[in-house]
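Work through these exercises with the sequence and the 3D view side by side. Try each task before reading its solution.

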Amino acid sequence: MPKSYWVSAYRTISDPEKLAAYNKLAGPAVEAGGGRILARGSRVVAHDAGIAERTVLIEFDSFEQAVAAHESAAYQEALVALSDGVERDFRIVEGID
């Protein structure tokens, strides 16, 4: 079974306090959902139409697990804390087996 990933590329961070509140809740929610943070940071080199802003990559053992973690009550609470504090491109993508 192929692994799956959350890929989150931030376009702008307009409210660092909301991002900090989100991070405090999202980390435990991701771990409880079986996610492993592979990359998280601001050191990014962007090409083509990319934006050199914070990028996060989280691995899950399956696509279903990744989707369930996103839909969990704990992660939804983190999203409420984040609200309009950032603009990001968030995707759940299945890996190659």
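**Exercise 1. In what order do the four strands lie in the open sheet?**

Step 1. The order is β2-β3-β1-β4, and the pairing is antiparallel. Strands are DSSP runs of E with at least two residues, helices are runs of H or I with at least four, and both are numbered from the N terminus. Two strands pair if DSSP finds at least two bridges between them.

Step 2. Find the edges. β2 (36–41) and β4 each pair on one side only.

Step 3. Look at one pair. Nine bridges join β1 to β4. In this pair, V7 stands opposite R91 in β4.

A note on the model: it is predicted, local features need pLDDT of at least 70, side-chain atom pairs count only at pLDDT 80 or more, and totals for chains, interfaces and linings use all residues. Residues are numbered from 1 along each chain as its sequence is written, and side-chain values use heavy atoms, leaving out hydrogens and water.

**Exercise 2. Which residues of the largest nonpolar core touch the most other members?**

Step 1. Know the term. A nonpolar core is a set of buried Ala, Val, Leu, Ile, Met, Phe, Trp, Tyr and Cys residues joined through side-chain atoms within 4.5 Å. Buried means under 20% relative accessible area, exposed over 50%, partly exposed in between (1.4 Å probe, protein chains only).

Step 2. The core has 16 residues, and W6, Y10, L19, Y22, I58, F60 and Y75 touch the most other members.

Step 3. Trace the sources. β1 (4–13), α1 (16–32), β3 (55–60), α2 (63–71) and α3 (73–82) each give two or more residues to this core. α1 gives the most, with five residues.
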